[in-house]
Amino acid sequence: MSARTFVQTGRKIVAIGRNFSEHAKELGNAVPTKPFFFLKPTSSYVTSPGKIEIPAGCTVHHEVELGVVIGKSGRNISAAAAPDHIAGYALALDLTARNVQDEAKKKGLPWSAAKGYDTFTPVGEFIPKDQVKDAQNVRLWIEVAGQVRQDGVTDAMIFGIPQLVEHVSSIMRLEEGDLILTGTPKGVGPILPGETVVAGLESEGKELSRIEFEAVARD
């Protein structure tokens with residue numbers, strides 16, 4: 001089953017922007033009235049335990065997210081049918097070269113460079129969907145250098161997972177092994193070379209995933 005091996009076999013990473021209103025506000029962005037997304041290359045995946053590379057001249061921010069792993073291909077998937085197309089979940093980080101993104105936004109340019117560096121999508125192992133009783137009640141947290149930075153629950157999403165699947169699949173076909181990153185809670189901040197990054201995902205008080213990475217300067 002390629003959903004279980006999504007890191008090796010998935011063809012795209014679809015990242016939803018500003019899906020937690022407090023995160024949108026902390027960066028001075030308008031809260032969206034409908035979902036929007038950007039794409040990340042699958043070459044940005046790195047698995048735990050591993051190394052996050054910090055490129056020279058980049059201010060790299062962490063964004064902890066719930067990843068939705070697609071198990072059945074489809075397009076124009078209704079929100080009601082969305083659960084049939086979901087195989088499971090994964091804990092993920094959407095790393096962002098914030099200064100590069102800010103510069104691109106000022107010029108009206110795409111964000112691909114800010115989001116697409118190697119190691120900019122650290123992920124945990126596949127979590128079968130039957131292990132997550134309610135994906136809209138999952139706790140996500142991240143510590144950098146031993147300090148808790150983000151700690152939020154997916155019930156704060158503006159657009160729920162079925163809505164996201166419906167929206168994305170109305171534009172492009174979702175394929176088995178694709179990963180949808182569903183947005184990040186407030187508290188994003190920088191990661192520096194030499195720091196250890198640890199993140200976790202909990203459902204019903206039970207930890208289902210924990211990932212750990214060492215940040216290093218990119219050669």
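Because the model is predicted, local features need pLDDT of at least 70 and side-chain atom pairs count only at pLDDT 80 or more, while totals for chains, interfaces and linings use all residues. Residues are numbered from 1 along each chain as its sequence is written, and side-chain values use heavy atoms, with hydrogens and water left out.

Let us begin with the sheet. Helices (H or I, at least four residues) and strands (E, at least two) are DSSP runs numbered from the N terminus, and two strands pair if DSSP finds at least two bridges between them. Here 3 strands form an open, antiparallel sheet in the order β8-β5-β14. At its edges are β8 (96-97) and β14 (189-190), each of which pairs on one side only. Strand β5, residues 60-62, joins β14 through 2 bridges in the antiparallel sense, and His61 stands opposite Pro190 of β14. Strands of a sheet pair through backbone hydrogen bonds, either parallel or antiparallel.

Next come the aromatic rings. Rings of Phe, Tyr and Trp (its six-membered ring) pair if their centres lie within 6.5 Å; planes under 30 degrees apart count as stacked, over 60 as edge-to-face and the rest as tilted. The whole structure has 4 such pairs. One of them joins Phe36 and Trp111 edge-to-face, at 6.1 Å centre to centre and with 85° between the planes. This pair links distant parts of the chain, 75 residues apart: Phe36 sits in the loop between α2 (21-26) and β2 (37-40), and Trp111 in the loop between α4 (98-107) and α5 (112-115). Another pair is that of Tyr117 and Phe120, which counts as tilted because the planes stand at 50°, with ring centres 5.2 Å apart. Phe36 and Trp111 also belong to one aromatic cluster with Phe38.

Phe36 is partly exposed at 25%, whereas Trp111 is buried at 17%.

Charged side chains give us another way through the fold. The structure holds 13 salt bridges, a salt bridge being a side-chain nitrogen of Lys or Arg within 4 Å of a carboxyl oxygen of Asp or Glu. Glu103 is partly exposed at 37%, while Lys107 is exposed at 55%.

Asp94 and Lys115 give a contrasting picture. Their closest N and O atoms are 2.8 Å apart, and both residues are buried. Asp94 lies in the loop between β7 (86-93) and β8 and Lys115 in helix α5, so this bridge ties together parts that are 21 residues apart in sequence. Salt bridges that share partners join Lys40, Glu63, Asp94, Arg98 and Lys115 into one network.

On a 1 Å grid over the protein atoms alone, a cavity is a set of points where a 1.4 Å probe fits but cannot get out, and a pocket is an open set with protein on both sides within 12 Å along at least five of seven lines; lining residues have an atom within 4 Å of a point. Grid points are joined across faces, edges and corners, and a volume is the space filled by probe spheres set on the points.

The largest pocket holds about 260 Å³. Its lining has 18 residues, with Val123, Gly124, Glu125, Phe126 and Ser209 nearest its centre. Strand β16 gives the most to this lining, 4 residues.

The largest cavity has a volume of about 120 Å³. It is lined by 17 residues, and the closest to its centre are Arg18, His23, Glu63, Gln101 and Trp111. Helix α4 supplies the largest share of this lining, 3 residues.

Notes
Buried < 20%, exposed > 50% of the residue type's maximum accessible area, 1.4 Å probe, protein only.
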